[in-house]
Amino acid sequence: MIRWMRRFHTDDRGGITIFYAILTPAFLALLGLVVDYGGQIRALQRADNIAAEAGRAAGQGINAGQAIAGGEKVLDRTAARTAAQQYLNALPDATGTVQVIDDVHLRVNVTVHFNPILIDLFGGSAGTAHGQATVTLVAQ
């Protein structure tokens, strides 16, 4: 039995080294996909959230003085569009546009840029995520 153990400890053929040399890049690539595509999903969620928040900011286009005094709630479409665009302009990592669709709808389009972490090592490049929200401006 001792003879078998000696032979086992001295017989190094390098089989495990080749195994790791083949599987390590595959595991790194898989890890890169998980991390970077997770980042892309977060960027998509952020773009949608920013578009929705800009739409909420458009609600600031109400004539506040008249509404507070108990009068009719009147929405100024131009002020609503301007408020949404100002919200987008204040964000450092996102760009966007606000379009007036008709008298009661605004569409907010947002683009968020993100940089992949591990895919860059394999020739990937920065990506963008797009979000959109349509806002109905109705005074109630």
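In which sense do β1 and β2 pair, and over how many bridges? They pair in the antiparallel sense over seven bridges. This is a predicted model, in which local features need pLDDT of at least 70, side-chain atom pairs count only at pLDDT 80 or more, and totals for chains, interfaces and linings use all residues. Residues are numbered from 1 along each chain as its sequence is written, and side-chain values use heavy atoms, leaving out hydrogens and water.

**View 1. The chain has four helices and three strands.** Helices (H or I, at least four residues) and strands (E, at least two) are DSSP runs, numbered from the N terminus. From that end the elements run α-α-α-α-β-β-β.

**View 2. Three strands form an open antiparallel sheet in the order β1-β2-β3.** The edge strands, each pairing on one side only, are β1 (94-100) and β3 (127-136). Two strands pair if DSSP finds at least two bridges between them. In β2, V110 stands opposite G96.

**View 3. T111 lies in strand β2, residues 105-114.** T111 has a relative accessible area of 18%, so it is buried (under 20% relative accessible area, with a 1.4 Å probe and protein chains only). Leaving aside neighbours within four places in sequence, T111 is in contact with D93, A94, T95, T128, A129 and H130; contact means heavy atoms within 4.5 Å.

**View 4. The side chains of T111 and H130 make a polar contact at 3.1 Å.** A polar contact is a pair of N or O atoms within 3.5 Å; within protein, one must be able to donate a hydrogen and the other to accept it, and residues adjacent in sequence count only if both atoms are side-chain atoms.

Notes: Buried < 20%, exposed > 50% of the residue type's maximum accessible area, 1.4 Å probe, protein only.
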